[in-house]
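Please work through the exercises below with the sequence and the structure open beside you, and try each task before you read its solution.

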Amino acid sequence: MGMHLIELPYHPYTILNLFDPLSNTPWSMLLYSGHNNKHPDSRFDILVTDPTLTLITHNNITTISYGKNHQIDNTDPFILLNKYIHIMNMKPENNCQLPFQGGFLGVFGYDLARYIESLPKLAEQDLSFPDMAIGLYRWAIIADHKLCKNYLVTHDDPNQILNWVYKQQHIYNNHVSNTSFNLIQPWQSNISRAEYAQKFHTIQKHIISGNCYQVCLSQRFSAPYTGDEWIAFRYLLHYNHAPFSAFIRLPNKLSILSLSPERFLKLHNTKIKTQPIKGTLPRLKNAQDDYHQIIKLSKSTKNQSENLMIVDLLRNDIGKVAVPGSIHVSKLFDIQSFPGVHHMISTITGELSNNFSACDLLRACFPGGSIIGAPKVQVMQLIEQLEPQRRNIWSGSIGYLSCCGNMDTNIAIRTMLAERQYLFCSVGSGIIFDSDEELEYQEMQDKISTLLLPLLKKFYLK
């Protein structure tokens with residue numbers, strides 16, 4: 001059976017409403033582009049559920065599940081995924097303009113770095129999220145907000161799927177929803193202000209002695225909660241029109257709420273694009289003051305040098321799989337504005353060499369340099385010494401590899417992890433030679449102000 005494309009009724013929030021009844025089902029995933037008219041990447045949303053095949057990697061072992069069959073494999077997860085991409089046997093439509101036409105979708109945690117580089121095991125592994133959780137989806141519902149259309153893309157019988165989707169919707173709408181969400185305590189950080197200062201100075205020593213040039217140091221906030229994480233995610237969408245957002249429900253009551261503004265890697269045909277963020281200033285209420293923030297950020301030599309280091313690192317990473325001479329920096333130090341902050345973003349493009357696949361590209365650049373620093377391996381070793389807990393999913397990547405060859409992934413920043421009735425949210429900032437400790441600490445507060453504060457104000461029951 002070939003691919004079917006069925007047009008569905010459109011409303012800007014149809015896809016969120018269709019996801020409501022699926023939001024508690026393991027392997028339901030929504031890639032959400034933020035519904036922001038001003039952002040060029042706020043065009044498509046992708047809803048998937050009920051995968052035919054899943055790959056879950058935990059501590060060097062990947063479990064491949066297909067119906068009731070399970071097998072395990074200790075191959076490098078990227079190489080294993082590549083193998084399944086080749087055998088999935090789904091034929092795309094050549095002239096279809098949709099970015100995802102069925103294929104693999106899911107999450108690549110930061111700790112997959114351990115399969116690529118040799119890193120010490122020092123940070124505490126206190127969360128049980130997998131290193132990789134990817135599903136093979138034979139159908140998806142996709143919203144195109146530019147053309148104001150919704151589509152069902154499927155490699156199976158479309159009528160059967162639509163009947164099932166509308167039935168879920170019907171059951172959900174007739175069932176009086178008593179779900180709620182509440183934070184039980186305020187947010188707590190895993191490092192104190194004094195510990196941050198100490199770690200900052202350790203990093204400065206490493207930079208002065210030439211071990212590294214830039215280190216992204218993070219802290220992790222957590223708070224206990226009750227209720228449904230999907231409610232928290234839908235609420236946060238009002239504050240974060242982030243073009244690379246995602247809600248992922250995994251087995252074992254694990255969920256991921258990502259409101260990421262950052263693209264990691266996009267592959268379209270053979271064209272590669274990466275857009276690292278380095279440089280952040282908060283938005284200000286007064287329009288004139290806010291405009292001055294943009295000018296200030298665009299002229300900041302400190303932020304430019306931080307950004308340039310990561311641009312060089314990514315050119316190098318992409319260079320491992322790109323056609324020689326094809327890599328260009330098409331935008332350097334571009335300023336983009338989001339609801340809470342202004343970011344400095346550069347754009348690097350290249351051409352994938354025909355000896356390599358999307359998976360090879362992902363592996364060559366993983367994890368994204370913008371949330372690590374430079375040089376990458378030395379900094380990852382240092383992060384392992386300085387951060388109390390493993391990063392887990394945070395600063396990994398969420399996205400899809402479509403059967404048509406397209407890939408698009410985010411950097412999983414501004415991302416909350418929900419496990420055992422606790423929400424965890426990490427935030428980092430890049431430290432370089434001329435960083436100011438006070439300002440770096442403040443930058444982290446600015447980054448999470450549109451995540452942690454709205455939840456606290458609305459859902460914290462004193």
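**Exercise 1: an aspartate in a loop**

Task: In this predicted model, find which residues D111 touches, not counting residues up to four places away in sequence.

Solution: Step one is to collect the residues that D111 touches beyond that range, and these are D131, R390, R391 and N392. Step three is to judge its accessibility: D111 has a relative accessible area of 3%, and because buried means under 20%, D111 is buried. Step four is to look at its side chain, which makes a polar contact with the side chain of R114 at 2.8 Å.

**Exercise 2: a strand and its partners**

Task: Determine which strands pair with strand 23 (residues 407-410), and decide whether M407, T409, D408 and N410 are buried or exposed.

Solution: Begin with strand 16 (residues 263-268), which pairs with strand 23 in the antiparallel sense over three bridges, and note that L267 stands opposite M407. Continue with strand 22 (residues 397-402), which also pairs with strand 23 in the antiparallel sense over three bridges, and here Y400 stands opposite D408. Strand 22 and strand 23 form a hairpin with four residues between the strands, and in this hairpin G405 takes a positive phi near 100°. For the last step, recall that in a regular strand the side chains alternate between the two faces of the sheet. In strand 23, M407 and T409 lie on one side while D408 and N410 lie on the other, and all of these are buried, with both faces covered.

**Exercise 3: a glycine in a loop**

Task: Decide whether G34 is buried or exposed, and find its contacts.

Solution: G34 is found in the loop between strand 2 (29-32) and strand 3 (44-48), and at 3% relative accessibility it counts as buried. Leaving aside neighbours within four places in sequence, G34 is in contact with S42, H241, A242 and P243.

Definitions and conventions
Residues are numbered from 1 along each chain as its sequence is written. This is a predicted model: local features need pLDDT of at least 70, side-chain atom pairs count only at pLDDT 80 or more; totals for chains, interfaces and linings use all residues. Side-chain values use heavy atoms; hydrogens and water are left out. Buried means under 20% relative accessible area, exposed over 50%, partly exposed in between (1.4 Å probe, protein chains only). A polar contact is a pair of N or O atoms within 3.5 Å; within protein, one must be able to donate a hydrogen and the other to accept it, and residues adjacent in sequence count only if both atoms are side-chain atoms. Contact means heavy atoms within 4.5 Å. Helices (H or I, at least four residues) and strands (E, at least two) are DSSP runs, numbered from the N terminus. Two strands pair if DSSP finds at least two bridges between them.
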